[in-house]
Amino acid sequence: MIDVTLTLNGTPRTVSVEPRETLSDLVRNRCDMTGTHVGCDHGACGACTVHLDGMPVRSCIVLAATCDGREVRTIEATRKDETFGVIRRHFHEKHALQCGFCTLGMLMMAADIIARHPTPSEDQIRNALSGQVCRCTGYMGIVAAIASAAEELRGA
Amino acid sequence: MKSANFEYLRPTSLPDALDAANDETTFLAGGQSLMAMLNLRVTSAETMIDLSRLSELRGVNETPDAVTLGALTTHAMIEDGAVPDPSGGLMPRIASKIAYRAVRNMGTIGGSLALADPAADWPCCLLALDATVLIEGATSREEAIEDFLQDAYTTTLEAGEIIRAIRIPRNTAPWGVYKVTRKSGAFADSLAICVLGDAPRIALTGTQSRAQRLRRAESALHGDLRAAILADLADADPDADAYKRRCHLATVLAAIKEAQS
């Protein structure tokens with residue numbers, strides 16, 4: 001076992017993991033934060049997206065041990081975040097989810113899209129979402145939600 | 001699935017990493033191919049050496065003729081212009097189409113070269129730009145990318161050797177790119193890159209073996225180009241089926257057309 005010391009959702013923690021464990025294992029199994037969903041476990045679906053040092057990454061193909069000294073933010077930390085609040089409301093209003101399995105990854109990516117492209121075109125949104133798989137919605141609602149959330153956040 | 005277990009080391013200097021390495025060592029850079037392959041159990045590791053803390057593999061060195069990028073430079077840093085671009089826009093364009101943003105935030109140019117996936121973007125792009133690979137091991141050495149790439153997943157890297165950086169000559173010549181993928185972000189069925197200038201360079205990947213120059217096409221830009229490309233393809237991807245041959249022909253012609261427009 002190796003000790004990994006990291007900041008998880010604003011709280012410094014030291015967590016013991018096996019070398020082979022991934023960041024998704026660390027947050028779900030060692031820290032009981034199960035908001036991060038694991039769809040494929042090989043970097044194909046994007047459901048497990050979290051922010052590492054402020055950037056979206058796929059936690060199922062990031063080794064937990066390499067996160068020592070780094071800052072990790074999962075969906076649990078976004079409940080009281082104003083930007084995420086706006087994005088979540090637009091996901092609700094635009095019917096951007098059905099079963100919800102992919103939604104946390106969509107939200108983590110949506111925040112990154114809006115941060116990098118305050119006025120995102122539909123093309124930019126679709127390109128940036130191309131690594132996030134949703135089998136329910138057909139994506140129309142998700143794209144619309146991100147566009148309208150970006151518009152509201154621009155005005156705010 | 002989960003990877004089989006392995007021993008994990010995270011050295012903080014290049015000499016320490018080289019000392020710890022042996023024939024059974026697997027190096028971890030960004031891990032965006034390696035971690036997936038480990039989880040799928042198509043590969044395994046005895047000892048993994050995490051290179052992410054090696055400052056020697058980071059940073060940028062600029063000269064009037066070239067830019068040297070540390071091996072740990074991520075695709076996203078190149079996409080965003082966070083590091084100098086020697087290529088006149090070609091490298092940011094290539095970076096922006098590698099996999100997906102969350103992968104580009106972790107994946108590194110050095111890791112991509114070391115793996116040498118036959119459908120990966122950087123080996124082809126760096127071949128078109130005539131880059132040089134800077135390698136550390138028992139001794140330091142430099143090698144032209146063309147010699148470095150040997151075959152699918154095969155380079156001249158010896159056990160225990162690490163790519164430290166990649167030196168890319170400055171390019172001001174027009175370039176063109178065309179990539180065919182089954183879906184956005186997937187590995188290329190075919191990727192062609194053309195860089196014009198005094199000595200035009202055309203590189204193709206998505207073959208059975210490795211990224212390759214199309215030398216007949218390079219010298220036939222104003223001649224019977226189609227015949228030259230087909231002759232090159234017979235060497236570059238001899239086992240290509242009819243779809244793949246047409247795919248390659250189309251990407252090469254489209255890349256040249258964009259470069260010339």
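How many residues does the contact take from chain A and from chain B? Here are the close-ups that take you there. The model is predicted: local features need pLDDT of at least 70, side-chain atom pairs count only at pLDDT 80 or more, and totals for chains, interfaces and linings use all residues. Residues are numbered from 1 along each chain as its sequence is written, chains are lettered from A in the order in which they are written, and side-chain values use heavy atoms, without hydrogens and water.

**View 1. The contact between chain A and chain B.** Chain A brings 26 residues and chain B brings 28, with contact meaning heavy atoms within 4.5 Å. About 2400 Å² is buried between the two chains, 54% of it from carbon and sulfur atoms; this is the accessible area (1.4 Å probe) lost on putting two parts together, summed over both. A:Arg20, A:Ile61 and A:Leu63 supply 24% of what chain A buries against chain B, more than any other three residues.

View 2. Look for A:Asp41 and B:Lys2, whose side chains meet at 3.1 Å, N to O.

**View 3. Cysteines without disulfides.** The whole structure holds zero disulfides over all chains, a disulfide being two cysteine sulfur atoms within 2.5 Å. A:Cys102 has its nearest cysteine sulfur, that of A:Cys134, 3.8 Å away.

Conventions: Salt bridge = Lys/Arg side-chain N within 4 Å of Asp/Glu carboxyl O.
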